[in-house]
Amino acid sequence: MTAKIPQKLEDLPSSEPRWVGKDVKRIEDPKLVTGLADFIENLQMPGMLHCAILRSPHPHALIKSVDASEALKHPGVSAVLTGEDVLKWTNPAMTVPDGWGVYCLATDKARFVGEPVAAVAAISRSVAEDALELIEVEYEPLPAVADAKKALEEGAPLIFEDKGSNVIHKRLFTWGEVDQAFADADHVISDSFRWNRLGANPTETFGVVSQWDLLENSVTCRGAFQSSSHFALGRAATFGLPSNRVRIISHPHGGSFGGKGGARGTDIAALLSRKADGRPVKWIEDRMEYLIAGGGQSWDRFYEASLAVNADGTMTGFKVKLLDDIGATGEGFGAISAAKPLAVFTGNYTIGAAQYDMTLVATNRLPQSPYRGMGPPPHYFVLESLVDSAARQLGMDVSEIRRKNYIQPDQFPYIIPSGNEYDSGNYEACLDKVLDMADYQALREEQAKAQEAGRLVGISVVNAIEPGVFDWNAYSAVGMPGVGVPEGVTISVDVMGSITVRVGFSLEGQGQYTLAAQLLADYFGVEMDQIRVVHADTASAPPHFGPGGSRLGVALTGAILGAAKKLEDKFLAVAAGLMQTEAANMEMVDGWLRIKGVPDAEMPMAAVAGTMLARSDLLPPGMEPCPEATSVWTAPGRAEPDEEGRCKSYLTAANACHVIMVEVDRDTGMVEILKYFVVDDCGTRLNPGNVEGMLHGAIAQGIGAALLEEYVYDENAQPLVSTFMDYLMPTINDVPDTQSAAMVTPSPFSPLGAKGCGENAIHLTPAGIICAINDALAPLGVAAKEIPASPNRLWELIQSADYPQDK
Amino acid sequence: MSTKKRISLSVNGKLLEGEAEPRTSLADFLRDDLALIGTHIGCEHGVCGACTIMMDGQAVRSCLTLAVQAEGTELMTVEGLLDENHQLHPIQEAFIEEHGLQCGFCTPGFLMSTFELLEKNPSPSDDDIKEALGGNLCRCTGYQSIIKSVRLAAQKLQSANTAS
């Protein structure tokens, strides 16, 4: 039975919430600012060995032989793992769609540069790396394919020969009378776009300590795991173990953004432990490993897209053809990323018909991994670019064409053609607020003056929906089973009245432990620092998933409030007995159990909990002496998608509107962001500091995507990026001072009206910067259609313009 | 394998000794041999700045410094920011108050770069702050809250100095 939980802040059993909705200090921070948080690299265990991994230098090569005999003789080496071992002891990785997975070490052939081929466990990392040099691998290089389009050609090298083709997945979704919409439209705006590979790059790489228990035949892995229960299932499948023989203990991690990766490293360390008599084996990925072969490459997309528009600016149809280079295997959920735009396919607009033609292809690049936003950021780059092109063609202002097509407040809940339902919003008010904040008219005048002076200055106004509270159900369209992603917590009150909550996830940066403490402190009328939040590993946590898909804030709130309500009901029953009345006459306010309307007839929650544990003789009949409650929350209203992939896939729909002003340097192609304004509406802000923090962080990531970050491969699929000297992360000098403001349109469906907000600005910062660049370049008659819009790309565009260059 | 060298140095005001191979980085030596785990390693090629520490009054990348180069030096790591009563340094307080961190992995490096900046320039402009922290990468915050944190830290240190 699901507990009835508060839907609004006013429903909390608190006379005045002191913590929820306030910008409180985070309880995580003291350990982080002192360097005392137990990041995995800090962990030392008795007898621990260190792992180093030998990786393929070839993008595509048969492995003829692996000779590890000299490495095994090297002093300090305890074990060497090769393809023979993994063939004997493991299964290939599960993938979506099924059947595109490989073993954690290459066995028959290597499919990308950096693919693990062998690994060593030794007394130190340096000794293990020394030993790698003694392993002899005989390769027979094969022709490689680095280009998604070439991978589709007849006679292209096959990544998986048994598949007979490099097409991992191909699907055409059609929603509504889309061909009719295009036939009837006054204008059809079409273009091609390219989004190059980029990705998460958390400041901490992945790390793990795996240990095989040879007596019990079980494995325990400690590390930087974003979704530990999900990870445990994957390990059980790989090792062929019952799932309760895999224990995943998640440590605080230095960021993730979906791109922590780590499955192969975890498995390799575990198998080395198995070979090394069960000693724990630590593997800490270094940055070069992360950049070449880690979990940080996402979205390698070619788009062809069209928008059907009427003369008055009404948009009626949207067609997208996607070719996505998933890389050498399906192990990193690239297919899910490509399918996620179904949740927001037509953005903020009332476009009535749409089509999505997706082709996912394997090449000899690194397998894609998730990254913040998962799939929509490139999709919005396409949609918002086409909307701007339509405005330009119709002579409309870019803000006005958007305003004309918005879903209106009285239309919610609103089902978009691709099936998802948006919960609430007021897009026009959001637009007006950001236009006011930016003083849009004045910005346009400033732009006109700059243009008269020969400067390339442009402005964009873009908007997007952030789908919040992810569920697997949407992804059965690409082969992922399941409906319902649970998040559970257990709240315990001890005999002294102290409150502890166990959660199934660890610290990652979003401040979720603080959120748990805020909710519980208000619910039970205590100070925040009286709440203890602890990580429960997969052996002891209630069903859980953790952060991902902008879900944890909402899901955690649901779980905490559900468990708190169950506890409250227990306390009411016990206190009623102690005070010789009925539970129906009782209430709990600010942590006091009171008889309604009777002054001073009250007991503190701590006394009730203490009585439950110490005086079971005083409990009502049938009541267990257990001041503890577990609640597992999952979003309501989920179902399998229909034959066109349509379903309610995300519970909440946050929205935002950005106004950006940029200048492109005519001589160098460098872009400077002159002004940046944001209004963001993610419903109730449970912790405004956390929300703002994630917003500004996502803007910085979006700037990196738009202007800087790119994993470059040569035509033979050799990666040309291996350090932060080549992969350009945004620095403090690349991110402008951004003015932001909040709108609050609560979700009618979520606990306390909060909407998923963890991914937010990355959905539209890349689109917004490119649209602003193209507004700047419009007088030259050229437009950027490739991300990142690096100086060399823009310089070439400017040079290609049929325009006097000496102005 | 080459033999280990003996290293004597001062860290956070304490005289310490240890042994390291010539190839061992100072970051690894601090973490593995001296158990000073607050110094984090983010890239090992001197770009991200997570491993920044103070060496003889200058901020340095401990991943690009060899342990043997620290012989006879005075180091300060993030652990050295706490006072003798384990109270947070005003810079640490400021980062908490202004949300200058999220995951916290890069934070020790930012704190040490900020420490160096404010030692040399007690009232920095925003441009000074950007100049000083331009070699530290943060993937979470988008930097604005870090700039605010450094401004607040400067204020806190100045009022502390005025008070004393």
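**Note on the predicted model: a hairpin in chain B and the build of chain A**

1. Strands S3 (residues 52–55) and S4 (residues 58–61) of chain B run antiparallel and are joined by four bridges. Strands here are DSSP runs of at least two residues (E), helices of at least four (H or I), numbered from the N terminus; two strands pair if DSSP finds at least two bridges between them.

2. Two residues sit between the strands, and B:Asp56 takes a positive phi near 50 degrees.

3. Before going on, a word on the source: this is a predicted model, where local features need pLDDT of at least 70 and side-chain atom pairs count only at pLDDT 80 or more, while totals for chains, interfaces and linings use all residues. Residues are numbered from 1 along each chain as its sequence is written, chains are lettered from A and ligands numbered from 1 in the order written, and side-chain values use heavy atoms, without hydrogens and water.

4. Over to chain A, which has 20 helices and 29 strands. Its radius of gyration (over C-alpha atoms) is 28 Å, close to the 28 Å from the globule rule (2.2 Å times the number of residues to the power 0.38) for 807 residues, so chain A is as compact as a globular protein of that length. The C-alpha trace spans about 90 × 75 × 50 Å along its principal axes.

5. Buried residues (under 20% relative accessible area, 1.4 Å probe, protein chains only) make up 64% of the 807 in chain A.

How values were computed. Buried < 20%, exposed > 50% of the residue type's maximum accessible area, 1.4 Å probe, protein only.
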